[in-house]
Amino acid sequence: MAKKPKTPIKPATTLVTAGRDTQGQHGFVNPAVYHASTVLYPTAEDQVAHRSRYQYGRRGTPTSEALEGALKELEGEQCAGVALLPSGLAAISTALLSVAGSGDHILVTDSVYRPTRVFCDGLFKRLGVTTTYYEPLIGKDIAKLLQPNTKAVFVEAPGSQSFEMQDIPAIAEVAHAKGAVVLTDNTWATPLYFRALEKGVDLSIQAGTKYIGGHSDVMIGCVAANAARYTALKATMNTLGLCVGPDDMYLALRGLRTMGVRLARHFESGVRVARWLEQRPEVARVLHPGLPGDPGHAIWKRDFTGACGLFSIVLKPAPEKAVHAFMDALSLFGMGFSWGGFESLVILFDCSEYRTATKWAPGGPTLRFHIGLEDVDDLIADLERGFAAMSA
Ligand SMILES: Cc1ncc(COP(=O)(O)O)c(C=O)c1O
């Protein structure tokens, strides 16, 4: 093992030290990448008894253990273990499948990542699980929606397009009193900025595709579980035969080492651009819980220690052509969906197409930005060019 410091360490240090086994790697800093399926046993007796450190490539290798171990340490003491899945969406569906089945009911925030909704309304429904979507700001009133067969409450804060915050500790308290499991999609904050398991969440999911990978070159997901949920989570994953390719696990582990510095920069630059956008005459509202004027700011300040680079804006009413002109004039903002990489992004979105528990009527076109690691002055200059094209 890498030498452990004697005093408690901070998350930035954990990112560097966690999951490392220098001696086991012949002194090298990073682990080997095991491309592996079968495991050979030295004797017939060992084979019959399944006696070996590893059983089968799908069920774990030194590479998967290094990443799982690092993520577990990062999640903190309440984490009993981490499951690695081939995408963020696979992490969401596996976590949900580990808590509910035929005849059960679940509660899901109306602000949830849309493909989570597609899973609940499609496959989960076919399996006999019913879903009720709830108003994201519901807080303790979630009690009114809990039924005797409610097995899970899914929260996500902030919503990754609409950016409502949720009172997760309050929701968790009520859910637990009725025996329901609490799951969250913690991709936006990561455990660096929201300690989900310490705030009452049982299963905390991340699309590692975003900030863990950090370079837009890997698809991976993970679920961190507390002791009550870890066995069922692992069993579900193993039954489904899910595992991650070794190179993707390695890229995720490499990304994790620099996630702290990258996130700090995304946070700082994101707030700067958001503040600049607040002053623009074309912008009606900026949806960023880290800004003092945001309706979710008080909860963000109480429960979170930072923000990533993802937020949205509502433009004052403008013709579609003008909004497209704005986007097309940008040269530093790519138009793409998967955020969390080093590069800046913009998309036009509309939540009104799918929300059911709450009405989404922002009053103007809505754009989501991901603020990357470029120089923030260059990004602002690029946005200025966009606004000039919009008014032309
Ligand atoms: C909030 C959120 N959760 C989950 C996912 C799914 O991650 P993946 O693309 O790795 O399946 C995404 C992807 O955009 C996301 O934005």
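This is a predicted model: local features need pLDDT of at least 70, side-chain atom pairs count only at pLDDT 80 or more; totals for chains, interfaces and linings use all residues.

Q: Is strand 6 covered or exposed?
A: Strands (E, at least two residues) and helices (H or I, at least four) are DSSP runs, numbered from the N terminus. Buried means under 20% relative accessible area, exposed over 50%, partly exposed in between (1.4 Å probe, protein chains only). Strand 6 spans residues 203-207, and five of its five residues are buried.

Q: Which residues lie on each side of strand 6?
A: In a regular strand the side chains alternate between the two faces of the sheet. Here Leu 203, Ile 205 and Ala 207 are on one side. Ser 204 and Gln 206 are on the other. Both faces are covered.

Q: Why does Ser 204 count as buried?
A: Ser 204 counts as buried because its relative accessibility is 1%. Contact means heavy atoms within 4.5 Å.

Q: In which sense does strand 6 pair with strand 5 and with strand 7?
A: Two strands pair if DSSP finds at least two bridges between them. Strand 5 (residues 181-185) and strand 6 are parallel, over three bridges. Asp 185 has Ile 205 as its bridge partner. Strand 6 and strand 7 (residues 221-225) are antiparallel, over five bridges. There, Ile 205 is partnered by Val 223.

Q: What is the strand order in the open sheet of five strands?
A: The order is 8-9-12-11-10, and the pairing is mixed. Strand 8 (283-287) and strand 10 (333-334) are the edges: each pairs on one side only.

Q: How do helix 11 and helix 12 pack?
A: Axes are lines fitted to C-alpha atoms, for helices over the stretch in contact; angles run from 0 to 180 degrees between N-to-C directions. Helix 11 (residues 320-329) and helix 12 (residues 376-391) pack at about 150°, with axes 7 Å apart. Among the residues making the contact are Ala 322 and Phe 326 of helix 11 and Leu 383 and Phe 387 of helix 12.

Conventions:
Residues are numbered from 1 along each chain as its sequence is written. Side-chain values use heavy atoms; hydrogens and water are left out.
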